[in-house]
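Hi everyone, thanks for making time. Have a look at the structure on the screen, and I'll walk you through it piece by piece.

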Amino acid sequence: MFAVSSSGRPIPPGRPTDVLAEAHRVLGDLPERGIGADAALARVTTVLADWGVDLASPFAAAHLQPPPLAVAVAADALASAGNASLDTYDSGPAAIAVERWVVAALARLAGFDADADGVFTPGGTLSNLTALLLARDAAAARLGLDVRSEGVAALPDPVVFCSELAHFSVARACAALGIGEHAVRPVSVDSHRRMRPDTLASMLRAGGTPVAVVATAGTTDFGSVDPLPELAALAREHGAWLHVDAAYGFGAVFSAKLAGLVDGLALADSVTADLHKIGWQPAAASVLLVRSASLFAPLERSVAYLNPEDDRVEGYDGTLGRSLQTTRRPDAVKVAATLLALGREGLGALVDRCHELAGHAAALIAADPAFELVGGVTLTTVVFRYRPADESLADEVNARLRRALLRAGEALIGRTEVDKVTCLKLTLLNPNAREADLVALLALVREAGSTAERLVEGAA
Ligand SMILES: Cc1ncc(COP(=O)(O)O)c(C=O)c1O
């Protein structure tokens, strides 16, 4: 794993204003005459090393943001040095070939057949947006409409279904695409936090133009995976596009032990897979996979200065017609290097190790009366709460203790809300962390909880 920080802490101590002031002090004013590459790099390195986040620390466990693999970092630097772009053949022939190779490999891992296709995007948010654009235009085409030229108002009463735990980017995509956030129908989840197919079935019968069912394979907090085969059958029955947001959960395909969790991915029309989450890539390494290359048709473009039709007929084409971007950096290069270096088995071992660490953390939390375990482990996250003696103070104590750990620079843990209650979260994506690190991390949380409890009680 690659680390830049030298502070020995997961995050710098102090307040955000301290970091801002220190970073600006080191950078200094914009010079009239440059200070030279060595001095410039030294300054930037100092800022990042002394005031940055250290994801290689075993006490960095807040977000779906892993320490990147050194091989991926090296390949990414190589890709940057080449500065190829993927929009046209002549802006990056090798980069395009590498992306084709990675997309085919990932599509095969998902269970898709040879018709499948895909494209890298700048993140899961953008992969979800692109998928919903394709879904919107496919729904319009089924009604004989062309929203690309007529506008989305032509589409009568569009509706999009997703679980109440779906990532917020689904609603935001609907807003951006003119479908409107009001068109999003959150479907309730069962006791395992998976979308309920029976509820979806009755909601689908309630009317409207069903644009898409968005299943989540790996909810952000709990890692829960919606029942993909059942949802696929319902989407098919109602003529809706099935998108699976597997931004977090896709990485399960690398593990022989966990791959069964995401069975049914290949029943989808499209899948979001983020290798900058489970995949240990520097951001961004998000891929939107589609069941068939023909599904990219709404993005098709022939532009005189990039890919004129006669060039395309001769095979001189890039990936402009698969993406909302024009210039597009070769993010697939680092993924190709990683897949080759580690193979499926090597990545699977990293997934299994993080899953094992999450199971261990959950057991420690469940056995500790200072904590309440809020949900079981599916992938690599553990949701829990610190339990103050006075339950009515729990939300404030949990919020404060996390900020106190941040301010001390001691531990970087996640925060979320479950059933309107403030919770803490460990997102364990550092395969080099040890069981003893988890014991020490939870001791820090317990101690910060007890201090926060005293402060909140004192203020009450
Ligand atoms: C389930 C899910 N989908 C989408 C996203 C968005 O991904 P990104 O941050 O790469 O845009 C996230 C981010 O955590 C996520 O957990």
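Before we get going, one term I'll need in a minute: a helix crossing is called left-handed if the near helix is turned anticlockwise from the far one by less than a right angle, and right-handed if it is turned clockwise. Also, please keep in mind that what you're looking at is a predicted model.

Take helix α4, residues 93–110, and helix α11: their axes come within 9 Å and cross at roughly 50°. That makes the two helices, α4 and α11, oblique to each other, and their crossing is left-handed. Who's touching whom? On the α4 side you have V98, E99, W101, V102, A105, L106 and L109, and on the α11 side A332, V333, V335, A336, L339, L340 and R344. Sort the residues of that contact by class and you get 12 nonpolar, no polar and 2 charged.

Now stay with α11, residues 332–366, and bring in helix α13, residues 435–459. Those two axes come within 10 Å, crossing at roughly 40°, so α11 and α13 are oblique to each other as well. Which hand does the crossing of α11 and α13 have, left or right? It's right-handed. From α11, the residues involved are R353, L357, H360, A361, L364 and I365, and they meet E435, L438, V439 and L442 of α13. By class, that contact has 7 nonpolar, 1 polar and 2 charged residues.

So what else do these helices sit against? There's an open sheet of 5 strands, with mixed pairing, in the order β1-β11-β12-β10-β9. At its edges are β1 (60–61) and β9 (371–373), each pairing on one side only. Inside the sheet, β11 (412–418) and β12 (421–427) pair antiparallel over 5 bridges, and T416 has C423 in β12 as its bridge partner. α11 packs on this sheet, touching β9, β10 and β12, and its direction makes about 20° with that of β10. α13 packs on the sheet too, touching β1, β9, β10, β11 and β12, at about 30° to the direction of β10.

On to the other sheet. This one is open too, with 7 strands and mixed pairing, and the order reads β2-β8-β7-β6-β5-β3-β4. The edge strands here are β2 (117–121) and β4 (184–187), and neighbouring strands are turned by 20° against each other on average, ignoring direction. Zoom in on β5 (209–216) and β6 (241–246): they run parallel, joined by 5 bridges, and V214 has H243 in β6 as its bridge partner. Lying across β5 and β6 is helix α9, residues 228–237, which runs at about 155° to β6.

Two backbone details to look for. Most residues other than glycine have a negative phi, and most peptide bonds are trans. But the peptide bond from A283 to A284 is cis, and A284 lies in the loop between β7 and β8. Then there's D157, with a positive phi near 45°, in the loop between α6 and β3.

Last, the overall layout. The domain assignment gives domain 1 as 16–69 plus 343–459, and domain 2 as 85–329.

Note on methods:
Residues numbered from 1 in each chain as written. Predicted model: local features only at pLDDT ≥ 70, side-chain atom pairs only at ≥ 80, totals over all residues. Heavy atoms only, no water. Pairing = 2+ DSSP bridges. Helix = DSSP H or I, 4+ residues; strand = E, 2+ residues; numbered from the N terminus. Axes fitted to C-alpha atoms, helices over the stretch in contact; angles between N-to-C directions. Contact = heavy atoms within 4.5 Å. Parallel < 35°, antiparallel > 145°, perpendicular 65-115°, else oblique. Nonpolar A, V, L, I, M, F, W, Y, C, P; charged D, E, K, R; others polar. Domains from an automatic or database assignment.
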